[in-house]
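Please open the model in your viewer and display both chains.

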Amino acid sequence: MRGFRDRTAVAGVGYTRLSKNSGVSTLTLACEAVLAALEDAGLTADDVDGIATHRVGDSAAPSVVGPALGIHRPSWYLDQFGGGSVSHAVVGQAALAVAAGMAETVVCYRAINARSEFRMGGTGRGLPPGPEVQYQAPYGYFAPPQQYAMFARAHMARYGTRPEHFGRLAVTQRANAVKNPRALMRVPITLDDYFDSRWIAEPFRLLDCCLETDGACALVITRADRARDLRRPPVLISAAAWGGGDSFMSGGGADTTVTAAAELAPRLYRQAGVGPAEIDVAEIYDCFTYSVIVQLEDYGFCAKGEGGPYVASGATGPGGELPVNTHGGFLSEGYVHGVNHIAEAVSQLRGDAGDRQVDGAEVALSTAQPGYILPATSALILRKG
Amino acid sequence: MSVRPVTDRDSAEWWERVARHEFVVQRCDSCGTLRFPARAYCHRCRTRRWHWQPIGPTGRVESWIVSHQPFLAGVTEPYVVVTVRLADAPECVMYGNWDRREPPVTGQSVRAVFTVVDEELSLINWRPLE
Ligand SMILES: [Zn+2]
């Protein structure tokens with residue numbers, strides 16, 4: 001793994017405004033975020049020779065975004081089918097392509113109109129494809145908050161995880177978002193607000209759920225040595241791992257309280273040459289509150305089953321031993337399908353996170369959807385360059 | 001509920017059997033492994049000779065939710081969805097709605113009930129095992 005560790009870097013990040021109705025196409029969002037990321041890196045679209053995204057049939061493909069920006073002959077591209085479980089794998093694959101010399105400057109983007117055009121929970125449009133849907137949809141069971149609520153309940157029953165734990169996480173992340181000018185939700189909430197929010201799918205309330213968001217976020221990936229000569233301090237990609245998990249098909253694992261992250265984490269840490277104790281800040285995929293709690297366990301920050309009490313102890317808040325989702329996460333910043341978590345980790349490691357900066361942040365973990373629903377996950381460990 | 005299952009070439013016969021109120025999964029002819037949902041190959045020995053195996057229509061509630069958000073057009077009342085791990089085929093889970101007013105309990109023993117939608121479609125729902 002020495003051949004991969006720290007050989008590539010994130011050289012630029014770019015965002016569009018996050019909103020509930022962008023009023024523009026995903027193509028427009030993608031172009032805006034990509035150009036912003038290139039500007040941040042001090043590069044132009046003429047420097048780009050690789051382009052990558054993940055999507056679920058809801059957004060502009062690299063084959064459209066490239067030509068729209070005058071990038072006509074990329075030497076490498078990736079159009080990854082998938083939701084949040086592949087967000088970090090896209091960056092990992094871009095880094096592999098750069099490390100192998102197949103491309104020099106790759107832009108990874110996710111452009112999404114997840115409120116105004118394509119709502120992940122359905123609510124009106126046709127059901128998602130996939131062999132499992134026929135066994136679930138006739139019972140009114142197909143939307144991600146329902147599925148995650150099902151997994152969360154199993155964890156509650158087995159380990160005594162409580163609604164207060166979910167609520168503390170939501171309150172803590174909102175407090176982070178208050179300090180984030182990009183965030184959609186900047187009004188502080190209390191635990192009472194959490195308990196007063198309406199049911200979506202018990203045990204989940206509204207404040208357990210991510211924000212349906214319109215927006216885009218992009219990253220520029222290049223060689224570490226080249227990144228050092230660019231405009232911004234480089235953030236090195238120390239490790240990138242992705243892999244499979246268990247589906248509901250028989251033959252997989254029977255314990256839904258453990259995610260694919262538990263298998264992936266040792267590989268990821270080994271690749272980076274660090275362990276959980278060396279992680280200074282973690283941007284953890286929070287499609288729902290429970291997603292963070294189970295990943296804190298499966299990435300080794302606390303014992304199995306202790307994710308709820310760990311959050312309630314304040315460990316994941318500002319000044320805690322592991323600040324988590326310093327931007328507010330999907331729960332309070334907005335939902336850009338994983339890429340905004342990587343971008344926040346980059347910001348923390350550059351030291352430009354403003355009021356929400358974690359002092360002395362040198363190593364960051366960022367993770368994808370941990371392998372429920374689509375049985376795969378991915379993650380990155382980034383390091384200050 | 002208003003959504004009919006979109007069956008495929010692997011699953012169509014299973015749905016036909018459910019419509020006849022048969023409670024079956026696949027059984028591998030080579031190694032005996034029970035599997036669900038339907039597909040051609042055994043995941044354990046990777047052979048593809050199999051038959052439909054009637055099993056006991058019972059299991060345990062692995063987890064459950066009460067869905068409130070109207071994800072489906074026209075469905076406004078809350079409803080319970082259960083995940084059931086089958087007693088005779090512990091590697092297999094099935095889903096269904098809950099057939100009782102009193103909510104389920106995780107770990108509870110349950111029995112399948114066939115709910116007739118029409119001549120061609122029945123659904124498997126669940127109630128406490130008395
Ligand atoms: Zn077999």
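Select chain A and chain B together: in this predicted model, the area buried between chain B and chain A is about 3,200 Å², where buried area is the accessible area (1.4 Å probe) that two parts lose on being put together, summed over both. Carbon and sulfur atoms give 60% of that area. Next, select I65(B), F71(B) and Y95(B), which supply 24% of the area that chain B buries against chain A, more than any other three residues.

Now select the residues in contact (heavy atoms within 4.5 Å): 43 come from chain B and 33 from chain A.

Turn to polar atoms at the interface. There are 17 residue pairs in polar contact between chain B and chain A, both residues at pLDDT 80 or more; such a contact is a pair of N or O atoms within 3.5 Å, one able to donate a hydrogen and the other to accept it, and residues adjacent in sequence count only if both atoms are side-chain atoms. The elements giving two or more residues to the side of chain B that touches chain A include α1 (12–19), β4 (58–67) and β8 (121–128) of chain B. Of these elements, β4(B) gives the most, with six residues. Helices (H or I, at least four residues) and strands (E, at least two) are DSSP runs, numbered from the N terminus.

Finally, select β5 (residues 199–202) of chain A, which pairs with β4(B) in the antiparallel sense over two bridges; pairing requires at least two DSSP bridges between strands. Within β4(B), V66(B) is the bridge partner of E202(A).

Residues are numbered from 1 along each chain as its sequence is written, and chains are lettered from A and ligands numbered from 1 in the order in which they are written. Local features need pLDDT of at least 70, side-chain atom pairs count only at pLDDT 80 or more, totals for chains, interfaces and linings use all residues, and side-chain values use heavy atoms, with hydrogens and water left out.
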